[in-house]
Amino acid sequence: MIKTDILIIGADPTGLFAVFEAGLLQLKCHLIDALPQAGGQCSEIYPKKPIYDIPGFPEVLAGDLVDNLMEQIKPFQPSFTLGERAETIEKLNDNTYVVTTNKGTQHNAPIVAIAGGLGSFEPRKPLLENLSDYEDNGVSYMIKDPKRIVTKG
Ligand SMILES: Cc1cc2nc3c(=O)[nH]c(=O)nc-3n(C[C@H](O)[C@H](O)[C@H](O)COP(=O)(O)OP(=O)(O)OC[C@H]3O[C@@H](n4cnc5c(N)ncnc54)[C@H](O)[C@@H]3O)c2cc1C
């Protein structure tokens with residue numbers, strides 16, 4: 001059982017900055033994300049796209065924003081469960097919560113924060129029989145070498 005002060009579902013920009021704010025209050029965080037890396041949409045969909053609406057950054061690539069957030073929270077030593085989807089939450093008699101993922105990993109904390117954006121990311125899978133037998137065992141899903149996108153938005 002992984003124990004922490006604050007359990008954050010979603011290791012996206014919102015979840016990562018929550019680690020910083022909690023760290024200032026000397027609270028430790030553990031993050032769960034269905035994706036294999038932190039950063040949410042910014043890392044998974046458009047890491048090479050410039051963003052223009054982050055305070056203090058006239059222009060920053062989405063991937064660089066995530067790298068900066070990860071650097072900013074390093075002093076607070078957050079831990080991660082990546083590549084697993086939070087599926088159930090149970091309240092215990094001591095008023096703490098247990099969150100269990102689709103792979104059975106259990107996490108316990110008195111506070112659970114949900115930074116889930118539009119929900120957990122799932123790849124669009126080809127319709128092949130027994131595909132799940134090969135996932136994490138030869139079959140993986142990724143956006144291959146996302147190119148720099150030049151449109152604003
Ligand atoms: C192509 C594109 C361009 C964009 N450009 C901009 C822009 O220039 N400026 C801007 O401000 N916004 C932009 N956006 C929107 C921006 O990406 C989103 O508003 C932002 O990512 C939301 O951030 P978030 O931290 O709330 O969560 P998200 O980035 O949506 O991340 C949510 C995370 O939570 C995880 N999650 C959810 N539920 C679970 C669960 N049950 N278990 C485990 N993990 C879970 C998901 O896997 C995901 O990683 C753009 C979006 C797209 C698609």
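**Close-up views of a pocket and an open sheet**

**View 1. The second largest pocket has a volume of about 400 Å³.** Of its 22 lining residues, Asp12, Ala115, Gly116, Gly117 and Gly119 are the closest to the centre. A pocket is an open set of points on a 1 Å grid over the protein atoms alone, where a 1.4 Å probe fits, with protein on both sides within 12 Å along at least five of seven lines; lining residues have an atom within 4 Å of a point. The volume is the space filled by probe spheres set on the points. The model is predicted: local features need pLDDT of at least 70 and side-chain atom pairs pLDDT 80 or more, whereas totals for chains, interfaces and linings use all residues. Residues are numbered from 1 along each chain, and side-chain values use heavy atoms, without hydrogens and water.

**View 2. Helix H1 (13-24), strand S3 (29-33) and helix H2 (40-44) each supply at least two residues of this pocket's lining.** H2 gives the most, with three residues. Helices (H or I, at least four residues) and strands (E, at least two) are DSSP runs.

**View 3. Four strands form an open sheet in the order S6-S3-S2-S10, with parallel pairing.** Strands S6 (79-82) and S10 (111-114) stand at the edges with a single partner strand each, so one side of each has no neighbour in the sheet. Paired strands share at least two DSSP bridges. The twist averages 20° from one strand to the next.

**View 4. Strand S2 (residues 6-9) pairs with S3 in the parallel sense over four bridges.** Ile8 stands opposite Leu31 in S3. H1 packs on the sheet, touching S2, S3 and S6, and its direction makes about 175° with that of S3. Contact means heavy atoms within 4.5 Å; angles run from 0 to 180 degrees between N-to-C directions of axes fitted to C-alpha atoms, for helices over the stretch in contact.
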